[in-house]
Amino acid sequence: MKKDDLIQVKIEDMGADGAGIGKMDGFALFIKDAVIGDVVEAKIMKMKKNYGYARLMRVLEPSPWRVTAPCPVARQCGGCQLQAMAYEAQLRFKENKIQNNLKRIGGFDNIWLEPICGMDNPFGYRNKAQFPVGTDKTGRIITGFYAGRTHSIIENRRCLLGVPENEKILDAVVDFMEKEHISAYDESTGKGLVRHVLIRYGFTTKEIMVCLVVNGHKVRKIEKLAERLAEIPGMTSITLNVNRKRTNVILGDEILSVWGRGYIEDYIGGIKYRISPLSFYQVNPVQTKKLYEKALEYAALTGNETVWDLYCGIGTISLFLAQKAKQVYGVEIVPAAIEDARNNARINGITNVGFFVGKAEEVLPQMYERDGISADVIVVDPPRKGCDESLLDTIVKMEPERVVYVSCDSATLARDLKYLCERGYEVVSGQGVDQFPMSVHVETCVLLGRK
Ligand SMILES: C[S@@+](CC[C@H](N)C(=O)[O-])C[C@H]1O[C@@H](n2cnc3c(N)ncnc32)[C@H](O)[C@@H]1O
């Protein structure tokens, strides 16, 4: 097989990034957009020693799990990788992904997981969207999402994963930019003003926040845009975020108020959270509630426990746990998030929590060595790279009865579980929670107990 060859192949498996995998002449061929069970015609794009990449040209026999993707730009857009696959099959894919990682990376052969927790309606679930703004070849202002692995914008104002309000907001922003001749930022030159539109929506409160990310400190006639946006029911906060750096990172550090208050509020369970443009907040509130309830169930609190919630963000899990614990301590690296966490405790009248700013892998060992702190239960919810070994070592030394590991990357989860299980812990239970339908991502919650 060589570049540009046309082949016919049956898709027998799927890779972690959602690409279909077909086998031919001993080679594994990765074919994006092919669904397990399809027979496809594909064009070879690149061959390596044992595997290759091919482009899907035609589906010759559709898989029983193939569906028509409801979004017209699903294939080009980098946001969804699994829209052409029935939701039930997506859930099986995610369960397999977790199990494969546990086996391959963690060496766990027989971990029983509770059935994955999926959504009844797997669309319209996202409470946050960040739309890049740019221009097309004719200079017309466009917004949408980046194509997979690139920074070219696929125009789309009606993303089916988000709320309908997004479209009205984007219409208002683009109209305003065209009428007032406000430029879009150009990544290749570093020139132009408007980079992204960040929208957040409180599902329980229906409050909306719009934050325009700009390469500057002001936008001419912004009050005209604010006037129009303020007419959208629920609009609560309009801000500018200043990002003058030539970087892929979307948000800068500085927020300037334009209209309304600088935050929205939302509830998960009975707890109210204040969310500012820079705060980390889970994007799928329906599933987040289920995830936190699972973490709370695994923590099995009776009211006498001291609990540490590491990587606590704005204190979402900490406040959930505090309802059933004696004392909860949260640790988080972003100072603004800890400010939000303290505020969130205050507005909910929760007094049995304390928050610390710093790296979990520094704060916990320091406090253990210096102050001899203890823990009955430790919850960790790290970013994709997982936990630092020095943090895992301290957890082992502190000997909590239970460790609840919430993970957005089952590969690093498997690595860290292996480490803990070689040092006195065992996996008691676990469950995948689908926070990101239509994408390949999946959240996992695991309970570890002392052997
Ligand atoms: C997956 S989020 C979890 C946040 C929170 N538990 C929630 O559910 O909203 C991970 C958090 O870890 C924070 N973080 C990243 N590295 C960290 C570190 N080394 N120490 C402490 N926090 C860290 C991030 O800022 C982010 O808020």
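**Confidence, helix packing and ligand shell**

Guide: This is a predicted model. The protein chain has an average pLDDT of 96, and 100% of the residues score at least 70. For the complex, the predictor gives an ipTM of 0.99 and a pTM of 0.92.

Visitor: How is a pair of packed helices described, and at what angle do the axes of α2 and α3 cross?

Guide: Two packed helices are described by the angle between their axes and by the distance between those axes. Here, helix α2 (residues 165-180) and helix α3 (residues 222-230) have axes that come within 10 Å and cross at roughly 155 degrees. Angles over 145 degrees count as roughly antiparallel, so α2 is roughly antiparallel to α3. The crossing of α2 and α3 is right-handed.

Visitor: Which residues of α2 and α3 meet?

Guide: From α2 come I169, A172, V173, F176 and E180; they meet K224, L225, R228 and L229 of α3. Sorted by class, this contact of α2 with α3 has six nonpolar and three charged residues, with no polar ones.

Visitor: Turning to the ligand, which residues around the ligand come nearest?

Guide: There are 19 residues around the ligand, of which Y311, G313, I333, A360 and D381 come nearest. The elements that each give two or more residues to this shell are α5 (316-322), β17 (327-332) and α7 (360-371).

Visitor: What classes of residue does the shell around the ligand have?

Guide: The shell around the ligand has twelve nonpolar residues, three polar and four charged.

Terms used. Residues numbered from 1 in each chain as written. Predicted model: local features only at pLDDT ≥ 70, side-chain atom pairs only at ≥ 80, totals over all residues. Axes fitted to C-alpha atoms, helices over the stretch in contact; angles between N-to-C directions. Helix = DSSP H or I, 4+ residues; strand = E, 2+ residues; numbered from the N terminus. Parallel < 35°, antiparallel > 145°, perpendicular 65-115°, else oblique. Left-handed = near helix turned anticlockwise from the far one by under 90°. Contact = placed C-beta atoms within 7 Å. Nonpolar A, V, L, I, M, F, W, Y, C, P; charged D, E, K, R; others polar. Near = placed C-beta within 6 Å. pLDDT = per-residue confidence, 0-100.
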